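Here are my notes for a first look. Please keep the structure open as you read.

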Amino acid sequence: MSNMNEQIHNLLGKYFSGEATVEEKEAVQRWAGEHPDNRAEFSLLSELWNGPATPLITFNTDRAWAAVDAKIRAQEGNRSRQAPVIRMSRYAIGIAAALVLVLGTWWIFGQQPDMQTLVASADAQQVRLQDGSMVYLKKGSSISYPETFGDTRKVSLEGEAFFDVVKDPARAFIISAEEAEVRVLGTSFSVNTAGDQVELIVKTGRVLFSAAGDEESGVTVVAGERAIYSNDIVSKQANADPNFNAWQSRTLEFSDASLQEVVSALSQFYHTTIDLDNDPQVRQTRVTVTFRNQTVAAAMEDLSLITGLAIEKTGPDHYTIRTKKD
C-alpha cells in the first residue's frame, strides 16, 4: 500500500482498538473505499485483529508474513464451500503483515501517557508534576514530562531548571539531560544543560549523576556539591556559588563578598550593566547583604546605603558606582 502514511497508521490503530472518533472512523472508511487494495487490506486487518487468535507481533518480516499467510490459507480452507475469498499477492499480504506490526506497536506504545512539553520562552515558568514535584524552568529552557507517571518518574530537560522532587522510595525520579542522567528519590537541585556540558548543583539531599543509561559509572552528589558531566566523565567539587538558583528563588545572598562579586551577580540577575569607579575605596569594599525579590532600583538603593557609595543611573539598564562627593 504505497500511499499508507503515519496518519493512516494511527487512525487504523485507533479504529481497531475502538478509540476512534466518528470523524476518524469516517476517514478510515473513506481510505478503504479509495482503492481495491485498500479494501482488501482493511478486510484482512479487520479479520486478524478481531479473530480468535492474537496477531503475531514481531519485527521479523518473513515470520510475520508466514504467520499471516498461514492464517489466511486456513481460513480459505474453512470457507471454500461457503463464499469466494479475496486473494492477495504475497506483496500485498506482506504489507498487511507490516500493518499488523504497526497496529501492534501502536497498541503497545500508543497506550502510554501523553507527553507534555513546557517551554519557558518569555520568562521563567514553573509546573507541578502529577506526583507533586515542582519544576522551575529558567527562561529559554524546556521540559517534557508524562501527564501521569508509571513505575518510574522520568522527564527530559533542555536548558536549566531547578527541581524540588517529592520523596517516593518506590519510584525513582529520573531526568534525561542531554547525554547525562540524574536519578533521585526526593531532593532539590539545579540542572543546566547549556553549552557542551551538563551541570548539577544539589541544594538538599543526594543525587546519582551519571552518563545516560549507565548508573554504574554514576557519582553521588550531596547537598552543597556541584558536579559536571563532560566528555563522558563526571567530576564534582564543593559549590562555591550560593546564588546558583537566584533566578528561581529570587534571592541573592552575600557574606563578606567583594563589591566586584556582588556587582557581577546583580548584573547577571537583573540583566543590567553596573560599572565600578577605579577608586581603591570602591574596589576594596566588602559587602554582606541579602536581596529578596527586589527591583533593580531598590537593590541599588540598598547597596548604596550599606556601602556608603554613590550609585547613579547613567542610562537605560546602566548604573555606575563611585565614592560620594563631599
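1. Start with a term. A pocket is an open set of grid points where a 1.4 Å probe fits, with protein on both sides within 12 Å along at least five of seven lines; its lining residues have an atom within 4 Å of a point. Keep in mind that this model is predicted.

2. The largest pocket has a volume of about 680 Å³. Its lining counts 24 residues, and Lys138, Ala246, Trp247, Gln268 and Phe269 are the closest to the centre.

3. Which elements supply at least two residues each of that lining? They are strand 10 (198-204), helix 6 (246-249), strand 15 (251-258) and helix 7 (259-270). Helix 7 gives the largest share, with 6 residues. By type, the lining residues of the largest pocket are 11 nonpolar, 5 polar and 8 charged.

4. Helix 7 also lies across strand 16 and strand 19. The helix runs at about 165 degrees to strand 16.

5. Those strands belong to an open sheet of 3 strands, in the order 16-19-18, with mixed pairing. Strand 16 (273-276) and strand 18 (310-315) are at the edges; each has a single partner strand, so one side of each lacks a neighbour in the sheet. On average, neighbouring strands here are turned by 25 degrees against each other, direction ignored.

6. Strand 16 pairs with strand 19 (residues 318-322) in the parallel sense, over 4 bridges. Thr273 stands opposite His318 of strand 19.

7. Look also at the hairpin. Strand 2 (residues 125-128) and strand 3 (residues 134-137) run antiparallel, joined by 4 bridges. Gln126 faces Tyr136 of strand 3 across the pair. The hairpin has 5 residues between the strands, and Gly132 takes a positive phi near 95 degrees.

Terms used: Residues numbered from 1 in each chain as written. Predicted model: local features only at pLDDT ≥ 70, side-chain atom pairs only at ≥ 80, totals over all residues. Heavy atoms only, no water. Pairing = 2+ DSSP bridges. 1 Å grid on protein atoms, 1.4 Å probe; cavity = no way out; pocket = protein on both sides within 12 Å on 5 of 7 lines; lining within 4 Å. Points joined across faces, edges and corners; volume = space filled by probe spheres on them. Nonpolar A, V, L, I, M, F, W, Y, C, P; charged D, E, K, R; others polar. Axes fitted to C-alpha atoms, helices over the stretch in contact; angles between N-to-C directions. Contact = heavy atoms within 4.5 Å.
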